[in-house]
Amino acid sequence: MDFDLTEEQRLLKDSIDGLLTDSYDFDSRKAYMKEKGGWSKAVWGKLAEQGLLGLPFSEADGGFGGGGVETMIVMEALGKALVLEPYLATVVIGGGFLRHAGTDAQKAAHVPGIIDGSKTLAFAQLEKNSRYDLFDVSTTAKKKGDGWIIDGEKFVVLNGENADTLIVTARTKGARRDTSGIGVFLVPANAKGVTKKSYPTQDGLHAADITFTGVEVGSDAALGNPEDGLALIERVVDEARIALCAEAVGLMDESLKTTVEYIKTRKQFGVAIGTFQSLQHRASDMFVAAEQARSMSMFATMAGDFEDAKERSNAIAAAKVQIGKSLKFVGQQAIQLHGGIGMTMEARIGHYFKRLTMIENSFGDTDYHQRRVADAGGLI
Amino acid sequence: MDLAFTKEEQAFREEVRSFFRDNVPPDTRRKLVEGRHLSKDEMVTWWRILNKKGWGVTHWPKEYGGTGWSAVQHYIFNEELQAYPAPQPLAFGVSMVGPVIYTFGSEAQKKQYLPRIANVDDWWCQGFSEPGSGSDLASLRTKAERKGDKWIINGQKTWTTLAQHADMIFCLCRTDSNAKKQMGISFIVFSMKSKGVTVRPIQTIDGGHEVNEVFFDNVEVPIENLIGEENKGWDYAKFLLGNERTGIARVGVSKERLRRIRDLAGKVESAGKPIIQDAAFREKLAACEIELKALELTQLRVVADEGKHGKGKPNPASSVLKIKGSEIQQTTTELLMEVIGPFAAPYDVHGDDGSNEAMDWTAQIAPSYFNNRKVSIYGGSNEIQRNIIAKAVLGL
């Protein structure tokens, strides 16, 4: 049992923390938001230069062979700096599908562009009524010759506006909520029949609702078994959940730090408000919540490698529950302790709160995952 | 980072577990499972079995009978002990006064007291809290005056746990009333059989008798019973309180109780089916298990940190363990109340020692719920723990 980072992992942490300290202060972030697509190509290029976009890919695929801990380190740092760039969509999720199911040809076509920063991806999964069930898929992929024709609508596709390639879940067989008959397809974003409606999200990212109308793709578009892809989807989404847990830990750390600094300096009644015990206790409870979250983020990271898929999913669901509870408390109380200034767009803290809040509703909220753990027979 | 236990650690867990299986008296285990109180004999019998095995004072230095285990081994031992469940060592002797004596005591004191603590030849109790000194412990007023070769002790202690069984007490006494309040306190040990010591029971809301008031009326104590230096007692008290850090989470206790809840909830019916099939109840149970898993990992982080960097100053992270650990223990007793429902009501007038075997053991569930309200109060209330985090961690 060991909670320490290796020497290489410490170097990785230092390098990404350093990069973000230099290029991601609050004002820079505001400027990046105004760029096309809502994030900075220059920062993305720097992430590529430091090898961070190739982190989880095997050396054979041109990457660095990083594991779960490396991704955790990066996601925590991205959370701390409130980064807008599509690391989750491109490297964690897009990269995850390619790593776990990509053929050599598919990897050769997509991985180098991810690693060098020239291409980004997006995961088109959510549907009007699917909510958090990954198997609830109405979009269809019908066989045509060797290839497929995709029809359907996907919503809140993060980085959907910018992505070069979309990873689309679609039903090849069966009824809407069948667990079998679901495939995963690589679709060029500029394919005929793809239409997008883009918009900013509450937390400053960008997403798109995407309609697929008779979109034709070749036989090489299917990732894994097109008739039985749910296990693959669950695996990659579990990795996305792990990454979100780590990002949330970074966000909570920074929220707590910012809040403590604020109450140390803000004066009322002639003294720093941090001298008031009611505020001290609230801040202490935020610390407790953040530490519990950190523990479960580590647990989730380890669980990513569990061989038993049920055990893995149960552990990650449990982590998402703890993260959800902690982030709600830390986020809300950070605003409360900031008082009026916390309500303004001008202050950093509100933006942390908003990102935390959106994480809670990504890939299953607290209630959803708590039910999963309960139905799986608990965690003891 | 690797959260898995090594093969050696897993083998150690097996060794500990099988020792408990073979050596904990079955009645003692059953009573703990059922939430009953144990008699003094039952506890001492078990502790002597442990001590004979060499596991009576596991975390002491080897020269005084300790094991030399790693931080992780201590963690595993405690978790298995709590989860089996078997009675934990008497903290007042093993975790509190023992380390103070082997760290600050004279050679003669070490020789005189340590082996008797390990074998529970002396049952120790703690004379810290007073009626006017709870969280503000340093305001204590019990006085020790030097007269020739004796200390003359006058005053009152309270919340003295299991003083009714005690042979010895370690006591914080004011020896210099002119000094600033933390400065004039000394750490003195003496026999509870001394003339002038009176123990009066306090009945707690669960009907039990765990704690007592202890009165000192001109108690004469030999001068050599002072531990360490005169007026340095506050330092030793702080050392003592910071010494037992990770055990306070009581993860094993909560684990055992959650298993029991799951088991019971499969048997007790609600709406014509076992209550475990009720979605709302099941989710509450899962929520508690998740909190406990997070706490277990937080505790392991503290353990791993101690293993790497040694037990230096008290780790403020232990305040997190105390707060969450006590909250979760309390939640488990609430869940038990929920499972048992209307049958929580019958009161066992012998609930105190659990000796009335005729009474259905479900009668212990409500008392256990009432009794567990103490865990967020004792050992530095959870509010004090929040003060510690605010000050020591957040710098407020």
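Two strands are taken to pair if DSSP finds at least two bridges between them, and strands (E, at least two residues) and helices (H or I, at least four) are DSSP runs numbered from the N terminus. The model is a predicted one, so local features need pLDDT of at least 70 and side-chain atom pairs count only at pLDDT 80 or more, while totals for chains, interfaces and linings use all residues. Residues are numbered from 1 along each chain as its sequence is written, with chains lettered from A and ligands numbered from 1 in the order in which they are written.

On the strand side, β2 (residues 140–144) and β3 (residues 147–158) of chain A run antiparallel and are joined by five bridges.

The axes of α7 (residues 230–265) and α8 (residues 277–303) of chain A come within 9 Å and cross at roughly 160°; axes here are lines fitted to C-alpha atoms, for helices over the stretch in contact, and angles run from 0 to 180 degrees between N-to-C directions. That makes α7(A) and α8(A) roughly antiparallel (angles over 145 degrees count as such). The contact, with C-beta atoms placed from the backbone and lying within 7 Å, includes A:I242, A:M252 and A:L256 of α7(A) and A:F287, A:M286 and A:R294 of α8(A). Its residues split into 17 nonpolar, three polar and two charged; Ala, Val, Leu, Ile, Met, Phe, Trp, Tyr, Cys and Pro count as nonpolar, Asp, Glu, Lys and Arg as charged, and the others, Gly among them, as polar.

Over in chain B, helix α4 (residues 71–83) packs against α8(B) at an angle of about 35°, with the axes 7 Å apart. Among the residues making this contact are B:N78, B:E80 and B:L81 of α4(B), plus B:V253 and B:K255 of α8(B).

As for the interface, 36 residues of chain B are in contact with 33 residues of chain A. On the chain B side, the elements giving two or more residues are α8 (251–265), α9 (279–309), α10 (317–340) and α12 (382–393). Of these, α9(B) gives the most, with 15 residues. The chain B side comprises 22 nonpolar, two polar and 12 charged residues.

Methods. Parallel < 35°, antiparallel > 145°, perpendicular 65-115°, else oblique. Contact = placed C-beta atoms within 7 Å.
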